[in-house]
Amino acid sequence: MTAQSDALGTPAGARRFEALLAALVCLTAVSVDMSLPALPKVTAAYGVPSAQGALVVGVFVVGYALGQFIWGPLSDAVGRRPAFLGGLLVFAALAFLTPLSPDFDTLLAVRFVHGMTGGVGPVVGRATIRDIASGARAASLLAKVTAILGLAPLLAPLAGSGILAALPDGVDWQATFWSLGVFACGLAVLVWRIAPETVPAHRRTRLRMSTFLAPWPVARSMAGMAEVRRAMLLVALPFAGYYAILTGSPALLVDVFGFSADLFGPLFAFVAVFWFLGATAARFLVRHMADGVLMRGAAALVLGGGGLALFASVWTDSPAFIPIWTGFALFVGGVGVMLPLATARALAPFAGAAGSAAAVLGATQMLAGAGAAALVAMLYQGSPVSVALILSALGLASAALLLRRP
């Protein structure tokens, strides 16, 4: 039996393939989330301020955003399997090299290139979903993958915290990055064994320099279509708020609320589980409700969560942990609902260039996330107000986009 027939021709094979796609889409999220508990130790090891830990995430995200313009069109031209395998192996090699950086600037440079290779999982994974599904089925499958993606911020920080607690100083934060290399190698083995090729032979082309120019006309088409443009913004804006929470939380928990860095994983798990719950709800509700209704509900969660966090940040002299953390959780729950629905809308018209369209969408999403991470690094003054202001502004913008019916 071939990989194609096993993965897509039987229910068990299809479930295995969908689980693998979810793991591949999680590659970048795992890379970011597992490293978060280690950021205070990374900055301490290189003698830089703790707020600079956000740059370790930010440069990775910028690299990931740009790298999608390589992996998306490459997978359209030569197929999904070769793109997956090549990208995963290079990603693993860079993960092993990252802790060997002699200084902080070199570490940031390596993380940037590492992020470029990390784009292979999410962009080619989403393009593969567009290859095998469309319409409500695509939205449901994307919601399933997004729900599993929600386990990354739930479990990866716990794993990162566990590594820090289990290993002695001097190898603990380095082992966090080495673990990512092992994870990527495992994914490469699974791709080799069970992943089918979903790009038909007649659509594949010879690899040329012009291959990597394919996203630009696709980007112009996406920008010129009002509903696609709005869907792209509804992916990017809430996701930027999620990254503001993600990159701001380590410093907030340690500096403002007085928790140990080892507790970041368990505490962030409360927020992350709302992503999983939101995406799981979207997966089932999209079969029975219009996606526009669900997206407006998601915008209400995003706006309400940001507003609650801001109110709790400024209402008293001493910021209250429980309402602020609850506001973060509500915001992230709205992101879990919004992302799969808006992604399905944005990719729907581009069946013949799914890789390039996924690259444009993913780059927009991740550049927004990187911008939010940079804002957190610049505005953070030992208070949750800066993060809460960012969330409130992004919630208002998302709600405004959905005031007009499509």
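Trainee: A salt bridge is a side-chain nitrogen of Lys or Arg within 4 Å of a carboxyl oxygen of Asp or Glu. How many salt bridges does a search of the whole structure find?

Mentor: The search finds six salt bridges. Please note that this is a predicted model, in which local features need pLDDT of at least 70 and side-chain atom pairs count only at pLDDT 80 or more, while totals for chains, interfaces and linings use all residues. Residues are numbered from 1 along each chain as its sequence is written, and side-chain values use heavy atoms, with hydrogens and water left out.

Trainee: Which residue forms a salt bridge with Glu-227?

Mentor: The partner of Glu-227 is Arg-230, and their closest N and O atoms are 3.1 Å apart. The two residues are three residues apart in helix α13 (residues 226–256), so about one helical turn separates them. Helices here are DSSP runs (H or I, at least four residues), numbered from the N terminus.

Trainee: Why do residues three or four places apart point the same way?

Mentor: An α-helix has 3.6 residues a turn, so such residues point the same way.

Trainee: Is Arg-230 buried or exposed?

Mentor: Arg-230 is buried, because its relative accessible area is 6%. The term buried means under 20% relative accessible area, exposed means over 50%, and partly exposed lies in between (1.4 Å probe, protein chains only). Glu-227 counts as partly exposed at 29% relative accessibility.

Trainee: Another pair, then. Which side chain meets Asp-291 in a salt bridge?

Mentor: The side chain of Arg-345 meets Asp-291, at 2.9 Å from N to O. This pair links distant parts of the chain, since Asp-291 is in helix α15 (residues 291–314) and Arg-345 is in helix α16 (residues 321–347), 54 residues apart. Both residues are partly exposed: Asp-291 has a relative accessible area of 25%, and Arg-345 has one of 22%.

Trainee: Change of topic. How many residues of α8 are buried?

Mentor: In α8, 11 of the 13 residues are buried, so the helix is largely enclosed by the rest of the structure. Among the buried residues are Pro-122, Arg-126 and Arg-130.

Trainee: How many residues of α3 are buried?

Mentor: Helix α3 is mostly covered, with nine of its nine residues buried. They include Asp-33 and Met-34. Ser-31 also lies in this helix, residues 27–35, and has a relative accessible area of 0%.

Trainee: What does Ser-31 touch?

Mentor: Leaving out residues up to four places away in sequence, Ser-31 touches Phe-60, Phe-91, Arg-111 and Leu-180. Contact means heavy atoms within 4.5 Å.

Trainee: Where is Ala-184 found?

Mentor: Ala-184 is found in helix α11, and it is buried at 0% relative accessibility. Apart from residues up to four places away in sequence, Ala-184 touches Leu-88, Phe-91 and Ala-92. Phe-91 is 93 residues from Ala-184 in sequence, yet 6.9 Å away in space, C-alpha to C-alpha.

Trainee: How about Ala-138: what is its place?

Mentor: Ala-138 is in helix α9 and is buried, with a relative accessible area of 7%. Its C-alpha atom is separated by 8.8 Å from that of Pro-340, 202 residues apart along the chain.

Trainee: Last one. Which residues form a nonpolar patch on the surface?

Mentor: The patch consists of Phe-96, Leu-97, Leu-100, Leu-167, Val-171, Trp-178 and Val-182, with about 600 Å² of accessible area together. Patches are made of residues with over 30% relative accessible area and no salt bridge, like charges being joined within 9 Å and nonpolar side chains (Val, Leu, Ile, Met, Phe, Trp, Tyr) within 5 Å. Areas come from the Shrake-Rupley method with a 1.4 Å probe, and for residues only the protein chains shown count as cover. Helices α6 (80–97) and α11 (172–194) each supply at least two residues of the patch. Leu-100 sits in the loop between α6 and α7 (104–118), and it is exposed at 56%.
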